[in-house]
Amino acid sequence: MIVLVAEPHAGRASRASLEALAAAQTMRAPITVVLLGDGADAAARDLAAADGVVDVVVLDHERLHAYAADAWIAALAAFLCDTAPSHVVFAHTYQTRDYVPRLAARLDRALVTDCTGVSPIDGGAAATFTRPMFQGKTQATVALDGPAPHLVTIQIGAFRADAVRMASTPAPVRVIAAAVDAADIHQQVEPPFREAKQAVDLTRADRIVAAGRGVGSQDGLTTAAELASALGAELAASRPVCDAGWLPMDRQIGSSGQTVAPRLYVALGVSGAIQHIVGMKGSQTIVAINKDADAPIFEVADYGIVGDLFEIVPAIVAALK
Amino acid sequence: MRIAVCLKQVVTREWHVRVNASGTWVRDDEASWGMNEPDGCALEAALRLKDAHGSEVVAISAGPARVTQVLREALGRGADRAVHVTGDDLASGDAFTVAAALADAVRGVAPDLVLTGLQSDDQGFAQVGGVLAERTGMAHATIIVGIEVGDGRVRVKRELEGGWFQWVTLPLPAVLTIQSGIHQLRYATLKGIMAAKKKPIDVVSAPARPEGGPGVRVLSVAVPTRAKQIRLIDGAPAEAARELVRALREDARVLGPGDGAGVSAHTVEPGA
């Protein structure tokens, strides 16, 4: 049996949870879905109708509304000790990155994070997993050692939410009182907030020119801005460029910024770390210009030029005229 | 206050990653090495707390002899002393292995705060901080972009997804994993490098790993196959640029024939 730990989002199962469910379905074992947090009841109904789901459990406790790592760990550790699954599957979100490593350590069970592929072996009793390593420049296949359960987090976008198979009869939904002791919760959490209002909505842009650390400096951004201007595109950037203060944070593309899917996406000096790729891989046509022929950005690009962007970009601007 | 900073030495981003002959790991005997970038942000955060509060900063790294490079670098930038946890298998070890090695050293240092990067540039498991917190019995928070130290507690700004943040207060001692961009990093000055030569590096051995315990075992490593059929355009810049523009207009049809003509002003000012 597999346990899938899902995250509610605005009263539904989050897209990332559905993707993780699609991954769990490939393991060909019965699935128990577990939900915690605000909106868990409503999200439970989304997941109960999925093929392979035999049981949906909402863990309920007054300390399981606003997220706090220690509360989630206590509730899930107790639940997993009672259910003894072969694998526990999560989406690789900021929330699971926060609590799952500590949960694995508390259970003393192996954890592999950020998986892009699952290969069941021995009829589904075990599995190997693929995941990126070395900034996405390599892909590794790994096995997990030690007693079950083995914990697995699935990379955002690696599986498709719309690939979740549905069943004819929904599984029952149960609400269980969770074993959480308020004394075990060390994090005192304040409500989430947004920094400044998002001034630029890149999600509506038809064309985007994105600058990566390969532009080298704020001056280097001028080259990117000239291309953006010539194409009538919005100028955007990867995280390092915004971290350095060369462009404001609201122009950042990626898991910590905006997720975009324009008709044309031109990546200049962007290496293509997975945190960036998840924010732009849905673009219709992707052009990558980078001096490093091994840069992972070329794996998602439709057109690529290997070379010095400071020579190539002015030539493109000239060619557009 | 005493702050321990856990630093990993990783292959540099510039190094051309090559897989070994057996396809089981990268050819890291040929690699160039440096400090894991997010760990560099953690070190900078610790040094800022030192600047503000006069804290003692202890750099810790687990790995073979070569990791003294990153410890010397940290001492040069302003850390007060260092601990090297030795073990040849630590460099490619999984998070449980590395966290166990660091946990012993952290207990020895007895810090109020432990800072480390949110993940490593090599294996990128993003696990060590949380596992280390559990092994040492400290509170934890991850993906941190701001730190306010108070009396016996720390208030930290956590980054959430999609531009959201949240403040979380933890009792000390606590483990924090630091997100990139928290600060502009300082470099080691010549004076700092000279002073670092007199600063101590304690050497301790990593604990033996129990047989049959939990772990992640790498079976194979490969350069990934391309998800899409990419068209690589060769040639001199002017020639490649003309071909790209032609392909975008005629093949991909994402540009109209008039696109780009007559536009000269920037639509966006960098740094605006």
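Residues are numbered from 1 along each chain as its sequence is written, and chains are lettered from A and ligands numbered from 1 in the order in which they are written. Since the model is predicted, local features need pLDDT of at least 70 and side-chain atom pairs count only at pLDDT 80 or more, whereas totals for chains, interfaces and linings use all residues.

Chain A contains 8 helices and 19 strands, where helices (H or I, at least four residues) and strands (E, at least two) are DSSP runs numbered from the N terminus. The radius of gyration of chain A is 22 Å, close to the 20 Å that the globule rule gives for 321 residues, so chain A is as compact as a globular protein of that length; this radius is taken over C-alpha atoms, and the rule is 2.2 Å times the number of residues to the power 0.38. Along the principal axes, the C-alpha trace of chain A spans about 65 × 45 × 35 Å. Of the 321 residues in chain A, 60% are buried, a residue being called buried if 20 or more other C-beta atoms lie within 10 Å of its own, exposed if 12 or fewer do, and partly exposed in between, with C-beta atoms placed from the backbone. Among the contacts in chain A with a separation of 6 or more, 68% are accounted for by residues 24 or more positions apart; two residues are in contact if their C-beta atoms, placed from the backbone, lie within 7 Å.

Chain B has 6 helices and 13 strands, and its C-alpha atoms fill a box of roughly 70 × 50 × 40 Å along the principal axes. Buried residues make up 47% of the 272 residues in chain B, and among contacts in this chain between residues at least 6 apart in sequence, 70% join residues at least 24 apart.

An open sheet is formed by 6 strands in the order β16(A)-β15(A)-β17(A)-β18(A)-β19(A)-β13(B), with parallel pairing; two strands are taken to pair if DSSP finds at least two bridges between them. The edge strands are β16 (234-237) of chain A and β13 of chain B, each of which pairs on one side only. Within this sheet, β18 (residues 285-290) and β19 (residues 303-306) of chain A are joined in the parallel sense over 4 bridges, and A:Ile289 stands opposite A:Ile305 in β19(A). Between the chains, 2 bridges join β19(A) to the parallel strand β13 (residues 231-232) of chain B, where B:Leu232 is the bridge partner of A:Gly304. Helix α5 (residues 218-231) of chain A lies across β15 (207-211), β16 and β17 (264-268) of chain A, running at about 175 degrees to β15(A). Helix α8 (residues 309-320) of chain A, in turn, lies across β17, β18 and β19 of chain A at about 135 degrees to β18(A). These axes are lines fitted to C-alpha atoms, for helices over the stretch in contact, and the angles run from 0 to 180 degrees between N-to-C directions.

The largest nonpolar core has 145 residues, and those with the most contacts inside it are A:Leu4, A:Ala75, B:Val5, B:Ala59, B:Ile60 and B:Leu102; such a core is a set of buried Ala, Val, Leu, Ile, Met, Phe, Trp, Tyr and Cys residues joined through C-beta atoms within 7 Å. Helix α3 (residues 95-109) of chain B gives the most to this core, with 10 residues. Apart from this core lies another, of 60 residues, among them A:Val209, A:Ala224, A:Ile297 and B:Leu255. Beyond its neighbours within four places in sequence, B:Ala59 is in contact with residues including B:Leu71, B:Ala74 and B:Leu75.

A:His92 and A:Thr153 are 61 residues apart in sequence, yet 4.9 Å apart in space, C-alpha to C-alpha.

Where the chains meet, 80 residues of chain B are in contact with 82 residues of chain A. On the side of chain B that touches chain A, α6(B) gives the most, with 9 residues. By class, this side has 47 nonpolar, 20 polar and 13 charged residues, where Ala, Val, Leu, Ile, Met, Phe, Trp, Tyr, Cys and Pro count as nonpolar, Asp, Glu, Lys and Arg as charged, and the others, Gly among them, as polar.
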